[in-house]
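Biologist: Can you show me the model? I would like to ask a few things about it.

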Amino acid sequence: MAKRNALILPAPVSIPEWQRPVIAVPLQQAFPELGEVKEFRSKVCLFNHDRSRIFDVVSPRYQVIPHVDAVKLLVDAMTQYFGTVPHYDVRSFGGGARMVAKFKLPIPPIRMGRHDVTDLLITMRNSYDRGWVFLAVLGAYRQICSNGMMIGEQFGSLNVRHVISAEGQDAQILPQLEYMVQHAPLLRDLWQEWAGTRMTYDEAGELLTGHFPDKYLTPVLEESRFPRSKWDLYNDLTRFSTHDTKSVNRRMEFDEKISKLFYSDVELEGEE
């Protein structure tokens with residue numbers, strides 16, 4: 001008798017965590033035993049898709065932005081603005097509680113030298129556990145060292161007010177996208193200015209001390225490396241944020257601090 005081959009069924013298609021729905025359930029319905037507690041009566045539980053994980057307990061007025069909706073909003077806006085679907089990468093963390101998406105801007109990269117090329121991006125973050133507020137800002141990727149950068153909100157941003165606006169995408173999201181795209185090329189002049197700005201050891205220490213743990217900051221503030229350019233100092237910081245941090249939460253924390261330290265006082269052309 002011929003031997004029969006075992007029937008192999010195809011594995012179920014796995015849906016990425018960021019594409020799975022977030023489920024909002026009144027707390028009294030999810031946990032009836034808590035229904036008598038006055039403080040919980042109006043609360044809402046945010047669950048993952050199969051209700052095996054609770055992300056947070058929020059008020060009924062809390063605006064939940066599903067990750068997939070946030071990504072689609074920016075994909076649609078960039079497609080409408082540029083006439084082509086953007087290249088993007090989405091990563092989720094904490095069982096889907098948090099999401100980071102990077103969208104490559106189809107505009108010329110910034111060249112700081114023959115082999116020093118930096119691509120421009122929009123970096124978006126979102127969360128269901130309120131660990132991060134929804135935000136999309138200009139970002140960059142420096143090819144020569146694989147460093148990621150978060151540019152300051154001074155260059156434009158998308159926040160929750162733009163996304164949930166009743167005025168719609170054309171009135172809120174597209175103008176913010178246009179602002180970021182139009183101002184992104186100004187980074188080249190800013191970075192070249194930093195490349196020509198020499199910083200002493202004392203100036204760098206005054207700028208950075210107290211903002212980062214010593215184990216990260218000590219190599220950056222090695223006194224024998226000074227004086228050095230502000231551009232080199234900035235890239236040392238983006239290097240340890242990109243490559244030396246052990247968690248995405250720590251990296252986002254460092255990226256925000258670096259952004260505020262270096263971009264908060266930038267005045268864009270034509271603005272006060």
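**Pocket and salt bridges**

Modeller: The largest pocket is lined by 22 residues, among them Arg91, Phe93, Val100, Lys102 and Arg251, which lie nearest its centre. A pocket is an open set of points on a 1 Å grid over the protein atoms alone, where a 1.4 Å probe fits, with protein on both sides within 12 Å along at least five of seven lines; lining residues have an atom within 4 Å of a point. This is a predicted model: local features need pLDDT of at least 70, side-chain atom pairs count only at pLDDT 80 or more, and totals for chains, interfaces and linings use all residues. Residues are numbered from 1 along each chain as its sequence is written, and side-chain values use heavy atoms, with hydrogens and water left out.

Biologist: How many salt bridges does a search of the whole structure find?

Modeller: The search finds 12. A salt bridge is a side-chain nitrogen of Lys or Arg within 4 Å of a carboxyl oxygen of Asp or Glu.

Biologist: Where does Arg130 meet Asp56?

Modeller: Their side chains meet in a salt bridge, 2.6 Å from N to O. Asp56 lies in strand 3 and Arg130 in the loop between strand 7 and strand 8, so the pair ties together parts 74 residues apart in sequence. Strands are DSSP runs (E, at least two residues), numbered from the N terminus.

Biologist: Is Asp56 buried or exposed?

Modeller: Asp56 counts as buried, at 14% relative accessibility, while Arg130 is partly exposed at 45%. Buried means under 20% relative accessible area, exposed over 50%, partly exposed in between (1.4 Å probe, protein chains only).

Biologist: What about disulfides, how many are found?

Modeller: The whole structure has 0 disulfides, a disulfide being a pair of cysteine sulfur atoms within 2.5 Å. Cys45 is buried at 0%, and Cys145 is partly exposed at 27%.

Definitions and conventions
Helices (H or I, at least four residues) and strands (E, at least two) are DSSP runs, numbered from the N terminus.
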